[in-house]
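Below is a short briefing on a structure with its sequence. Keep the structure in view while reading the points.

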Amino acid sequence: MMKVVRGFYSVAYSVKQCKPDVICAYPITPQTEIVERLADMYANGELGNCEYITAESEFGAASILVGASATGARSFTATSSQGLILMSEVLLSAAGMRLPIVLVNANRSLSAPLSIWNDQQDSIFMRDACIMQLYIENNQEVHDVMPIAFKVAENRRVMLPFMVCMDGYKLTHAYEPVDLLDEQMVDKFLPPYDAPVKLSVDKPLTFGCYAPPPYYTEFRVAMQNAIMGAGDIMLKEFKKWYKITGRDWGGHVVAENPDAEVAVITMGSLTGLVRDVVSEMQKEGKNVGVVKLRTFRPFPVEDIKKALKNANKIIVFERAVSFGHEGPVAIEIKSANYESGADVYSFAVGLGGRDIPRDLIREIIDKVIEGKVEPGFQFEGVKPFEEVIP
Amino acid sequence: MTKFINYTSTVGTKNHEVVFILTEVRFHGRGGQGVVTSADILAVACFKEGNYTLSFPTFGAEKRGTPVASFLRVSDKPIVLRDEIYNPDYVVVMDPSLIGIVSVEAGLKDGGMIVANYPDSADELRKILNTQAEVVTINATKLAMEELGRPITNTAMVGAFVGASNLIKLDTLKETIVEWFKNPKLSEKNVKLVETAYNMVKEG
């Protein structure tokens with residue numbers, strides 16, 4: 001059923017259809033209404049046997065879910081920004097303990113200075129956590145991705161947390177038409193979670209305990225194997241989802257013109273606007289293409305190589321900074337595509353919620369094509385300012 | 001009702017290379033006046049008439065009284081643009097005290113229209129804004145005080161906007177308002193408010 005809903009509801013409704021056993025969260029802007037809507041559903045008895053637990057902090061919320069997930073419960077949380085960072089200690093353990101917790105991160109910038117607005121610094125910060133990361137373009141995509149996230153996370157060959165990253169405000173606060181999933185459809189796709197190992201009084205176990213040097217490495221190797229293998233499992237589930245719903249979101253990477261000499265890489269809600277600018281440029285006869293990067297972890301090296309095979313100039317729109325180096329997505333692109341020798345131009349735009357107007361995107365692509373800018377990393381749309389420290 | 005294609009998939013967007021924006025509306029007001037809600041109500045109402053819609057706010061720290069804005073796009077094609085609206089077809093001003101503080105008329109398209117909650121005449125406001133654009137004024141604060149007893153002007157302004165723009169039918173808007181306000185007393189009052197404002201604009 002097609003309905004105009006807010007991004008929050010789009011997530012909450014899809015999570016409800018996934019029949020989680022435990023939801024535990026702590027509210028933070030711009031995630032708040034996701035868990036408010038789930039709390040409404042819980043209060044109205046729409047969540048079946050699900051437990052909704054309010055926590056005293058994000059640290060508490062993540063900790064409660066580690067316990068829940070270890071007992072074999074399908075577990076969900078949502079957070080943002082500082083909340084994700086406060087969760088991070090626990091989430092790293094969840095990954096090491098191989099707990100398939102699914103979380104939605106409503107992307108928001110990190111302090112300091114305090115900013116409640118959108119960029120992708122928070123989830124990018126979690127890059128090395130062994131948590132899968134998928135970036136979302138619109139509210140139908142996030143609605144469709146939730147069942148896939150549970151299914152991939154809970155796959156016995158994976159067993160790792162899955163983080164769905166959606167831009168705060170741009171998506172969470174937007175009303176738009178979403179085709180709401182029906183229960184039978186999701187039930188058919190996503191069976192109940194059957195944990196291969198779980199905490200139980202009948203068979204006492206310990207999770208994530210002490211591993212001295214003779215053992216630690218092998219645990220980490222198993223984690224790396226699991227997340228590297230998760231890529232193919234995701235692709236399979238994406239395809240199954242397409243068959244069921246008729247909505248094709250593509251694979252890890254969606255290259256809309258793989259023969260392009262100038263490739264523009266985006267992640268998240270900016271993609272639609274970039275696609276629009278690029279299609280206008282194509283009509284002018286310019287050989288430009290959009291590469292939408294959906295999966296950031298595991299990083300889809302082969303897909304990226306394929307998508308960039310003809311590109312001699314690669315433009316990356318970064319929504320975060322790897323301070324002390326450069327744009328975090330460009331780092332990955334360069335490492336994946338190093339054999340090609342293409343020039344990579346990486347531009348940090350829209351940090352802390354600054355709007356990214358259409359004209360700015362056009363201007364950036366134009367100046368790269370015309371050779372007016374050197375390859376490398378730069379901030380775009382910066383105002384003149386004085387250093388505060390004399 | 002238009003048939004909804006699979007608008008969000010890659011396949012869908014490929015079929016619609018050209019994004020055909022029909023109408024862009026920017027709402028100005030102050031926190032607490034329902035600026036965001038106005039755009040949202042219209043997103044739902046316009047969808048009912050078979051359009052693709054997208055509404056979103058500029059978001060402050062939710063302080064009452066601070067100038068805020070929200071945006072609405074309505075199209076017969078899937079909407080992929082999520083940047084703020086710099087060149088609106090319509091501007092709706094919820095609060096007269098914003099005039100002179102926020103340049104509400106900024107970027108308005110040629111042939112665009114400003115619908116404002118303003119106690120004086122349209123000519124007066126056109127002079128102050130120094131604009132050639134069509135201006136429609138209505139004293140929405142007075143209407144809202146009479147009907148709701150509170151200066152929340154969003155429903156009155158939504159009614160006035162629909163009356164001035166003819167974007168959708170009054171009945172569709174009324175139906176949306178009834179669904180929006182779950183409290184029947186409140187929805188009744190707001191439906192009346194919408195109707196009054198709509199008719200006032202229609203009668204000039």
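In this predicted model, helix α5(B) meets helix α7(B) through T155(B), A156(B), V158(B), G159(B), A160(B), V162(B), G163(B) and A164(B). On the α7(B) side, the residues are N190(B), L193(B), V194(B), E195(B), A197(B), Y198(B), V201(B) and K202(B). Of the residues in this contact, ten are nonpolar, four are polar and two are charged.

**Helix packing in chain B**

- Two packed helices are described by the angle between their axes and the distance between the axes.
- For α5 (residues 154–165) and α7 (residues 184–203) of chain B, the angle is about 35° and the axes are 7 Å apart.
- The crossing of α5(B) with α7(B) is right-handed.
- A160(B) touches A197(B), Y198(B) and V201(B), and its other contacts include V115(B), V136(B), I138(B) and A140(B), leaving aside residues up to four places away in sequence.

**The nonpolar core**

- In soluble globular proteins, nonpolar side chains tend to be buried together.
- The largest nonpolar core in this model has 184 residues.
- A160(B) is among the residues with the most contacts inside this core, together with V164(A), V264(A), I265(A) and I314(A).
- Helix α2(B) gives the most to the core, with ten residues.
- Domain 1 (2–245) and domain 2 (253–379) of chain A both give residues to the core, so it lies between them.

**The two domains of chain A**

- The C-alpha centres of domain 1 and domain 2 of chain A lie 27 Å apart.
- In the contact between them, 27 residues of domain 1 of chain A meet 20 residues of domain 2 of chain A.
- On the domain 1 side, α5 (121–125), β6 (132–135), β7 (162–167) and α8 (213–245) of chain A each give two or more residues.
- The most, five residues, come from α8(A).
- That side of domain 1 of chain A divides into 14 nonpolar, eight polar and five charged residues.

**Where chain B touches chain A**

- Chain B has 27 residues in contact with 29 residues of chain A.
- At least two residues of the chain B side come from each of α1 (10–15), α2 (35–48) and β2 (52–57) of chain B.
- Strand β2(B) has the largest share, six residues.
- The chain B side has 15 nonpolar, seven polar and five charged residues.

**An enclosed helix in chain A**

- Helix α1 (residues 7–17) of chain A is largely enclosed by the rest of the structure, because eleven of its eleven residues are buried.
- The buried residues include F8(A), Y9(A), V11(A) and K16(A).
- K19(A), which follows α1(A), has a positive phi, near 55°.

Technical notes: Residues numbered from 1 in each chain as written. Chains lettered and ligands numbered in written order. Predicted model: local features only at pLDDT ≥ 70, side-chain atom pairs only at ≥ 80, totals over all residues. Axes fitted to C-alpha atoms, helices over the stretch in contact; angles between N-to-C directions. Helix = DSSP H or I, 4+ residues; strand = E, 2+ residues; numbered from the N terminus. Left-handed = near helix turned anticlockwise from the far one by under 90°. Contact = placed C-beta atoms within 7 Å. Nonpolar A, V, L, I, M, F, W, Y, C, P; charged D, E, K, R; others polar. Buried ≥ 20, exposed ≤ 12 C-beta atoms within 10 Å, placed from the backbone. Core = buried A, V, L, I, M, F, W, Y, C linked by C-beta atoms within 7 Å. Domains from an automatic or database assignment.
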